[in-house]
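This briefing goes through one structure, topic by topic. Please look over the sequence and the model before reading the points.

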Amino acid sequence: MPEMELSPKKQVPLKMNQSRLKRLWGRIVQHKFFYLLMLPGILYFLVFRYAPMWGLLIAFQDYNPFQGIWGSPWVGFKHFIDLFTFDYFYTLLRNTLVINFLSLILYFPVPIILAIMLNEIRHEVFKRVNQSIVYLPHFLSWVVVVGLTFFMLSTDIGAINKILGSMFDFRISFLTSDKWFWVIITFQSIWKDAGWGTIIFLAAIASVNPSLYEAAVVDGASRMRQIWHITLPAIRHVIIILLILRLGSMMDVGFEQILLMLNPLVMNVGDVFDTYAFTQGILRGDTSIGVAVGMFKGIVGLILVLGANWLSKKFGNEGIF
Amino acid sequence: MSFVLSKRMTIGDYFIYGSIVLFSFICLAPFLYVVSVSLTDPEVYVPFQFRIIPEQFSLASYAYLLSTNSFLNSLKNTAYITIVGTIFNIIVTFTMAYGLTKKTLPGRTFILYAVVFTLVFNAGIVPNYILVQGLGLINSHWALILINLTNAWSLIVVKSFMDSIPIELEEAARIDGCNDIGVFLRIIIPLSMPAIAAFTLFFAVAHWNTYFNAMIYLTDSSKWTLQVLIKTLVIDSGSDAVAQAGSSGEQAALPQETIRMASIVLAMLPILVIYPFLQKYFAKGVMLGSVKG
């Protein structure tokens with residue numbers, strides 16, 4: 001880390017360099033307490049966040065757990081070539097993109113609309129009670145959410161199928177049919193997180209000066225006009241930033257959610273990069289393929305995030321980094 | 001919004017109130033249904049029949065679950081991981097975040113970039129698994145505590161919270177003879193209490209809810225956490241799982257549906273119980289770091 005501080009000043013004479021080094025050492029000693037405080041955190045990042053990156057080398061090997069990273073034979077890009085020429089890769093890609101795209105058009109607007117509606121409520125108690133209710137599902141685990149989904153939708157114990165069964169004597173196999181999978185995943189995400197997602201918009205709306213609304217009322221602006229000309233501009237920047245962030249995470253899907261919802265009958269529409277990396281790399285022991293899939297996803301994700309950040313700055317926003 | 005002149009409800013109002021009530025109802029309906037079924041007397045429960053109000057109330061399903069070793073054991077494991085894990089989370093996150101606020105610290109920018117990088121790039125599931133395996137942490141609860149010791153998002157939020165503490169307070173304390181340790185313990189920590197409260201909640205909920213890591217790292221069923229057990233009970237379903245959960249075969253006669261629903265309710269219970277009291281801290285916690293964006 002100290003080298004980082006020195007690198008831009010390479011041209012200075014050796015003697016001065018030494019005195020700078022001394023001064024730097026002095027500053028480090030002066031801050032020794034802070035380094036000590038940060039030590040557990042730094043060690044954590046080194047061991048649990050950066051050390052696994054060496055494991056990425058496995059993607060370029062025919063990894064054998066008994067020989068380890070040092071002993072396994074190198075094969076170059078073989079696993080990546082296999083991956084890109086493998087039909088199933090495009091199924092994984094399609095599933096990832098479809099799930100994200102559905103989330104973008106169906107999930108993304110919900111917290112915005114909900115926040116605008118909550119803001120229009122004049123009855124404070126009603127507003128607070130409903131806020132508490134819609135925030136709640138965010139704190140449940142995916143196991144619980146998927147469990148609740150089973151109790152609502154499964155053919156034997158699902159409430160909806162019980163109603164359908166008793167009224168029309170017919171049942172829909174929501175959970176084992178590939179037609180329903182994407183819809184259910186998207187709806188689950190909305191159920192769990194859309195309410196919680198309103199917080200950031202409500203905070204942005206709360207910063208609007210109430211006199212703007214008063215002036216609008218005096219000018220005879222209808223409620224729709226107030227929303228359009230005052231509320232929406234107030235949250236425009238938040239919407240744009242979140243939209244860009246969303247575009248930056250087009251490779252990510254709710255991994256625990258998908259993993260819990262998968263069953264053999266919906267594999268062709270539900271399998272995504274993470275679940276494939278998990279089944280191949282850990283369950284089937286095909287470590288190199290698992291690492292290669294994870295690495296491909298990670299690098300594309302990184303490019304998307306950096307691109308989104310660049311886009312954000314280009315639009316005059318602060319950017320996330 | 002007191003400035004609104006007329007208090008009379010318009011069509012727009014009805015639409016808005018109606019939509020919000022509908023959304024809240026959709027959020028609540030699954031809970032109500034599951035709680036209702038779990039409270040039904042297993043003796044009179046009729047499968048394949050939809051009922052909103054139980055025919056006969058009974059706590060038998062809960063009593064059964066709470067009498068099984070596997071359930072109690074997983075509850076104990078989850079409580080242990082949640083409590084110990086959260087304590088470590090708070091210590092590591094707040095000490096590191098404080099170091100990151102020191103602008104004069106050599107190497108600070110580098111560390112900050114290294115932390116933020118983990119936000120956008122992760123080695124992936126398999127390399128992490130190999131690391132945990134290499135460290136000999138498979139089947140240890142410490143695996144779950146150590147791999148989530150802190151994270152970039154929390155560090156950045158806490159750091160920007162600490163940045164908002166006026167530097168003058170620190171300087172005044174130094175003039176009064178406080179050393180670095182004194183400043184941290186007597187000035188920074190007490191002033192960070194709102195952030196500590198919010199993050200205690202966030203970390204505790206995250207530990208309580210962890211499923212995937214618990215599932216891959218805890219192979220021995222005596223080490224299982226609640227989420228892993230619930231997953232096998234509810235989602236993998238089948239009478240086998242319920243029979244396995246029971247210590248003896250005699251309760252196999254109980255309809256598993258009420259038991260499965262009771263297990264879900266018990267997994268949510270701690271969150272449902274603390275939630276109404278702590279909701280405002282959760283909501284505040286989200287906005288903590290937003291001062292600086």
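How far apart are the end C-alpha atoms of residues 259-278 of chain B, and what share of the span is helix? These end atoms are 29 Å apart, and the span is 100% helix with 0% strand. The model is predicted.

**Annotated spans**
- In an unreviewed UniProt entry, the label "transmembrane region" is given to residues 14-35, 79-98, 110-130, 142-162, 183-208 and 259-278 of chain B.
- For chain A, an unreviewed UniProt entry places "domain: ABC transmembrane type-1" on residues 93-308.
- That span of chain A is 77% helix and 0% strand, and 20 Å separates its end C-alpha atoms.

**Contact between chain B and chain A**
- Chain B brings 98 residues to the contact, and chain A brings 95 residues.
- The size of an interface is often given as the accessible area lost when the parts come together.
- Here chain B and chain A bury about 8,800 Å² between them, and 79% of this area is on carbon and sulfur atoms.
- Between chain B and chain A, 20 residue pairs are in polar contact, counting pairs in which both residues have a pLDDT of 80 or more.
- Helix 1 of chain B (residues 11-38) supplies 17 residues, the largest share of the side of chain B that touches chain A.
- Sorted by class, that side of chain B has 70 nonpolar, 19 polar and nine charged residues.

**Salt bridges**
- Over all chains, the structure holds eleven salt bridges.
- Three salt bridges are counted between chain B and chain A.
- A salt bridge joins Arg122(A) to Asp13(B), with 3.5 Å between the closest N and O atoms.
- Within chain A, Arg223(A) forms a salt bridge with Glu120(A), and their closest N and O atoms are 2.9 Å apart.
- This pair links distant parts of the chain, 103 residues apart: Arg223(A) is in helix 13 (residues 223-248) of chain A, and Glu120(A) is in helix 7 (residues 109-120) of chain A.

**Confidence in chain A**
- The average pLDDT of chain A is 88, and 93% of its residues score at least 70.
- Residues 1-9 of chain A stay under 50 in pLDDT.
- For residues 1-9 of chain A, the model has 14 contacts beyond four places in sequence.

Terms used: Residues are numbered from 1 along each chain as its sequence is written. Chains are lettered from A and ligands numbered from 1 in the order in which they are written. This is a predicted model: local features need pLDDT of at least 70, side-chain atom pairs count only at pLDDT 80 or more; totals for chains, interfaces and linings use all residues. Side-chain values use heavy atoms; hydrogens and water are left out. Contact means heavy atoms within 4.5 Å. Buried area is the accessible area (1.4 Å probe) that two parts lose on being put together, summed over both. A salt bridge is a side-chain nitrogen of Lys or Arg within 4 Å of a carboxyl oxygen of Asp or Glu. A polar contact is a pair of N or O atoms within 3.5 Å; within protein, one must be able to donate a hydrogen and the other to accept it, and residues adjacent in sequence count only if both atoms are side-chain atoms. Helices (H or I, at least four residues) and strands (E, at least two) are DSSP runs, numbered from the N terminus. Ala, Val, Leu, Ile, Met, Phe, Trp, Tyr, Cys and Pro count as nonpolar, Asp, Glu, Lys and Arg as charged, and the others, Gly among them, as polar. UniProt positions are given in the numbering used here, feature names are shortened, and annotations may be inferred rather than shown by experiment. pLDDT is the predictor's confidence in each residue, from 0 to 100.
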